[in-house]
Structure formats: structure tokens, C-alpha cells
Amino acid sequence: MYGPPPDPRQVYAPTGIASEPGAWLACLLIGLVLAWAAGTKRPFLFIVGCTLALTTPFGAFATTYVWGQFPTIDKAGSLLFYLDGVMWRFWDPTDPAIRLIGVHVGHLWITGLFDLLVSSTAAFNLQAFLNLVLGWYCAWLLLNELSGDREVSLVFAFPFGMGLHLFRDINWYTIEKSGVYWVPLYAWALVKAYREGGRWVGIAALIYVATLFYNFYLGVLCAGIGAMALLTRKREVWLAVGASALAALPLVALQLLAMRGDGALGDPETFLTQRAALDIFELWPPKWNRLEAWRALNVVALALAAVGFTRRKNLWIGGVALAFFLLALGPAHNPVYRLLFELVPGFWRIAKPETFFHVTWLALLAVAARVAADARPSRPAVAMVGLLFALSWAISIRTHPVYPRFTQPLELTLSEDWERALPAAPRPRSR
């Protein structure tokens, strides 16, 4: 199974093309017209239009139904804790909900902004769509900075922002899991700090704190990128990474406090053997957290990246890709993962090592974009490759069982004694 079994209360909404052809046609046309009118000179609007067209009929039902399976433990729980106001209690590490979720509740602040205009259910839908748009756009920012080619970067950022993994997360899991745009955004800020210094040192630090508050998993990925960036021995990069670390200390301290004491969930060995050992990147057959690699990854980009790693200028990015790939393999027979587990405080709480592969995938796409840009392709050639990528996406991702369908919203309430339903756990050791 790709995800949890459906809840017996789940009901699919009537949003198929046979029942709602007008909605499908309208979303497709509006998206294509917006993308055409924006053009590549306005990449953000171009991406919005393309995403709207490709996810047809999302735009027609975003405020009516739930995008993805509902209720699931993750999505129903996220909605209920949001309605309970957990995002305003992040500063209290003794709060039971904060102990369960963590202090990284910034994603629910974004939900709250959308909730000012639409229903809470619709707010989660719109944030999911925004995650896709920003994932593509922020990857474009990074790839454009590294390759220097606007159009090529738009094409090769597409597999990152519209990857199968993100749609699987939208389908079943909490909203922040699909918000991977913070990773390329922070990497982009570090590249700008490397090249320009000055204000980018502070901007990188602000982005890192926002990333950590949004989701600690993504914060760990960005911390790893920062650690690798120190190898450049560039003063401005060291300042940016150092400022990021200092700015993050209050949140890190709160999270460590929330993971200590009798009320904390789990213990290091349990997380390692019963959780971290399961959600990984499998070598054979190649799978990214149970998703077939040939459908989750773009084979053209992989081939170009392989070519790019033979060139000296891409060796540092290759090192980043390899380091995060090793971590994505999980703890089993993996001394690299075990070393961090023993040395880094709180690393034991990493329950999904497969998350590290997001950085590997981003690095591969960056190298692929560089190789393509170095070939100096004509604009028609780039457009043709982009169309082929979109067609491949429609075949391999849009038709995949994990692609989210619409379901009927349900009225749910958070039980007053919800804590009793949590599994009893021994007091965790300090790490």
C-alpha cells in the first residue's frame, strides 16, 4: 500500500470529467491562458497558470470539497488541532499538543491567513496548491541562479515542484509535508550570500528561522545544506550559516524541551528501529518511500545529471547529492546515519529519513539544468522539452493511485481526552 487504508466514513465527491465537464474545461483554459499571458518573463504567474491547468479541476472545487483522502489521521488531526488553536501555543513546551506536534506550527499560521477568506477546509486546499506553486518557483530561483538560463530553469524546476511525492503527501498527510519550497529558497539565499554578501546574510537567517518554524524536518534539511556550504570556505557563507544557527536557537531550545520529560512521546531506539527504518529510499527495486522511482523522478533529468557530475564545476553539488542520499537510505547498516543519530541532539526524532532525498533530488535537477543550459538550446527546443515533461507528468503522476481526488468534508470534533488514545511511551533518553 502507498498510504493508510481509507476511513469508512470517507466519501468521494462527484468531480470527475464525466460529471463536471464544464469545470474541467474552465480550469484547463483559465490555467493555459494565464500561463500564455504571463510568459516566462513573469515566471511566478506562468507557474500558477501551468499548475492550475495541470491540476484541473482543482480550481473549480477548492472551496467546496477536500483535496485528497479525508478523514485520515494526519489530515483530520491537523484540522482539529488547528481549530483548537495549537499554533498560538508553540511557546509552551509543556502543552500536550505541542509535545505531540512539535513547536513547528508555522504552517498553521499560513492556514490561518487563508481562513480569513475561506473555510478552514478550503484553507488547507489552497495552501496545498500554494505549496506546489512555491515548490516550482523557489526551485526555479535556485536553478536560474546556478544555470543562468531562465527558460531551462523553469523546465527543470518543474519535476521538483510537481513531483509525485508531494501529491502523495497532499493526498494523505499533514499540509507542511508538501511545503518543500523552503529547501530551494534557503539554498538560493546561501548562493546569493556567496556571490553578493551584504543583506543576503540576514535574509538567509530569516528564511532559515521561518523554515524551522514551518517544519523542523525542512529545517534539518536546510541545516545540512548550510553545513555543506561551509566547505566553500567563503566568509559570507559562514556568516549566513552562523546567523541562521544563532537565530534558530530559541526554537531549537523549545523543541528540545518539548521532547523531554514524562509527557514526551517515544524514545530514541523506538524511533530508530520502528519508524526511521521504514520510511526510506530503497535501492532495489528503487523506491522513494514506497513510490516507484521511475514515476517519482524524471529520467531525462537523471541522465543529464549523470553527465553533469563528470564536470569539475558540479562536484560540490554532487557531494551534496551523495551526502543526503546516504542519509535517505535510513539507519539499517548505515554508519553515516548512525553517526548523526549518536552525535546530534534530537536527531533521534527523525522518523522519515526519506525526507533527505528532497535535497538529493534538488541537487540532481540543478546539475541537469546546468548541463542543459551549457548546450545553449533554442527557445523552441526548450519549449518542446517542457511539453514532453508535462506529457510525461500527465502519464506517470496524474494517473498514479496516490494522486489526490476530491472527497466530501466531514464535521469532526477533537475529543477532550484525546491524549488517552496516544500509545504509552517510556521516558526518552536525552540526545
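**Reading the model**

Mentor: Leaving aside residues up to four places away in sequence, Phe 44 touches Val 133, Leu 134 and Tyr 137; contact here means heavy atoms within 4.5 Å. This is a predicted model, in which local features need pLDDT of at least 70, side-chain atom pairs count only at pLDDT 80 or more, and totals for chains, interfaces and linings use all residues. Residues are numbered from 1 along each chain as its sequence is written, and side-chain values use heavy atoms, with hydrogens and water left out.

Trainee: How many residues along the chain lie between the positions of Phe 44 and Tyr 137, and what separates their C-alpha atoms?

Mentor: Phe 44 and Tyr 137 are 93 residues apart along the chain, and their C-alpha atoms are separated by 6.2 Å. Phe 44 belongs to helix 2. Helices (H or I, at least four residues) and strands (E, at least two) are DSSP runs, numbered from the N terminus.

Trainee: Is Phe 44 buried, partly exposed or exposed?

Mentor: Buried means under 20% relative accessible area, exposed over 50%, and partly exposed in between, with a 1.4 Å probe and protein chains only. Phe 44 has 33% relative accessibility and therefore counts as partly exposed.

Trainee: Which residues of helix 6 are buried?

Mentor: In helix 6 (residues 106-115), the buried residues include Gly 106, His 107, Leu 108, Ile 110, Thr 111 and Gly 112. The buried residues of this helix pack against helix 4 (73-83), helix 7 (120-147) and helix 11 (199-214).

Trainee: How is empty space found in a structure?

Mentor: Rolling a probe the size of a water molecule over the atoms shows where empty space is left. On a 1 Å grid over the protein atoms alone, a cavity is a set of points where a 1.4 Å probe fits but cannot get out, whereas a pocket is an open set with protein on both sides within 12 Å along at least five of seven lines; lining residues have an atom within 4 Å of a point. Grid points are joined across faces, edges and corners, and a volume is the space filled by probe spheres set on the points. The second largest pocket holds about 780 Å³ of space.

Trainee: What lines the second largest pocket?

Mentor: The lining has 28 residues, and Phe 46, Cys 50, Gly 386, Leu 387 and Ala 390 lie nearest the centre of the pocket. Helix 1 (21-38), helix 2 (43-54), helix 8 (150-161) and helix 20 (379-396) each supply at least two lining residues. Helix 20 gives the largest share, nine residues. By type, the lining divides into 21 nonpolar, four polar and three charged residues. In this scheme Ala, Val, Leu, Ile, Met, Phe, Trp, Tyr, Cys and Pro count as nonpolar, Asp, Glu, Lys and Arg as charged, and the others, Gly among them, as polar.

Trainee: How many salt bridges does a search of the whole structure find?

Mentor: A salt bridge is a side-chain nitrogen of Lys or Arg within 4 Å of a carboxyl oxygen of Asp or Glu. The search finds 15. One of these joins Lys 352 to Glu 354, at 3.6 Å from N to O. Lys 352 is buried, with a relative accessible area of 15%, and Glu 354 is buried at 1%. Salt bridges that share partners also join Glu 145, Lys 192, Arg 195 and Glu 196 into one network.

Trainee: Where in the chain do Lys 192 and Glu 196 lie?

Mentor: Both are in helix 10 (residues 182-196), and because they are four residues apart, about one helical turn separates them. Lys 192 is buried, with a relative accessible area of 12%, whereas Glu 196 is partly exposed, at 46%.

Trainee: Which peptide bond at Pro 71 is cis?

Mentor: The bond from Phe 70 to Pro 71 is cis, with omega near 0°. Pro 71 lies in the loop between strand 1 (66-67) and helix 4. The peptide bond from Trp 284 to Pro 285 is also cis, with omega near -10°.

Trainee: What is the phi of His 333?

Mentor: His 333 has a positive phi of about 55°, although it is not a glycine. His 333 is found in the loop between helix 17 and helix 18 (335-343) and is exposed, with a relative accessible area of 82%.
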